[in-house]
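Here's a walk through one model, helix by helix and salt bridge by salt bridge. Have the viewer open as you read.

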Amino acid sequence: MPRARFAEILRLLAENDVEFIVVGMAAGILHGAPVTTVDLDLVHRRRPENVQRLLRVLSELDATYRHDPRGLRPAESHLVGPGQQLLATRLGDLDCLGTIDQDRGYEELLGQTVEMKLTGGRVVRVLSLPALIEAKERAGRPKDLAVLPVLRATLDEVKRRS
């Protein structure tokens, strides 16, 4: 697989006015955590007009479901629900999530986000580092627990610099 280009995915989403929040390890990376990730996780607003904008971007990215040999493409009915849409795109793997962390969707997470400016001036919403740490703690999966010390150290460093 070619190198993922997550910044380009974020740029396309922002340019098309898709309402979303970057979550998962990509959020940690955007906050400065020295970690890597194999996919870009986002929680999108599930309103029909936003889902239509998201579908246009997914079409431009040639998005298909990962691990599905039929090459199925996401549809509106998939993206309006709370489920996880695990997609492969020409720019890297993208997970479009209806909810995370105790079934919290876009509206419930919005108050725990920060705005970050992309190269070129576009702004994206990113789950705050404290909220990301709490979500990883509650998830309790080995991969989430393993990254917690790095995320906590990053938060300490951010606070120290403020």
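## Ground rules

Contact here means heavy atoms within 4.5 Å. Helices (H or I, at least four residues) and strands (E, at least two) are DSSP runs, numbered from the N terminus. This is a predicted model, where local features need pLDDT of at least 70 and side-chain atom pairs count only at pLDDT 80 or more, while totals for chains, interfaces and linings use all residues. Residues are numbered from 1 along each chain as its sequence is written, and side-chain values use heavy atoms, with hydrogens and water left out.

## Helix α3 and its neighbours

Start with α3, which covers residues 48-60, 13 residues in total. From first C-alpha to last, α3 reaches 19 Å, close to the expected 18 Å (the expected span being 1.5 Å times one less than the number of residues). The buried residues of α3 are N50, V51, R53, L54, L55, V57 and L58; "buried" is under 20% relative accessible area, "exposed" is over 50%, and "partly exposed" is in between (1.4 Å probe, protein chains only). An α-helix has 3.6 residues a turn, so residues three or four places apart point the same way.

What do the buried residues of α3 pack against? They meet α1 (6-15), β2 (39-44), α4 (76-79), β4 (84-89) and β5 (92-97). Just after α3, D62 takes a positive phi of about 55°.

## H44 in strand β2

H44 is found in strand β2, and at 1% relative accessibility H44 counts as buried. Leaving out residues up to four places away in sequence, H44 touches E19, F20, N50, V51, L54, L79, C96, L97, G98 and Y106.

## Salt bridges

The model holds 18 salt bridges, each one a side-chain nitrogen of Lys or Arg within 4 Å of a carboxyl oxygen of Asp or Glu. One of them joins R66 and D95, with the closest N and O atoms 2.8 Å apart. That pair links distant parts of the chain: R66 is in the loop between β3 (64-65) and α4, D95 is in strand β5, and 29 residues separate them. R66 counts as buried because its relative accessibility is 16%, and D95 counts as buried at 5%. D101 and R104 also meet through their side chains, at 2.6 Å from N to O. Here too both ends are buried, with D101 at 14% and R104 at 17%.

Buried or exposed: where does E115 fall? E115 is exposed, with a relative accessible area of 54%, and R125 is partly exposed at 26%. The side chains of E115 and R125 meet in a salt bridge at 3.2 Å, N to O. The pair links strand β6 (residues 113-117), which holds E115, to strand β7 (residues 123-127), which holds R125, and the two residues are 10 apart. Elsewhere, salt bridges that share partners join E19, R45, R47, R53 and E107 into one network.

## Helix α7 and its kink

Helix α7 runs over residues 142-161, 20 residues, and reaches 30 Å from its first C-alpha to its last, close to the 28 Å expected. A kink of about 35° lies at L148, shortly before the proline P149; the bend at a residue is the angle between axes fitted to the seven residues ending there and the seven starting there.
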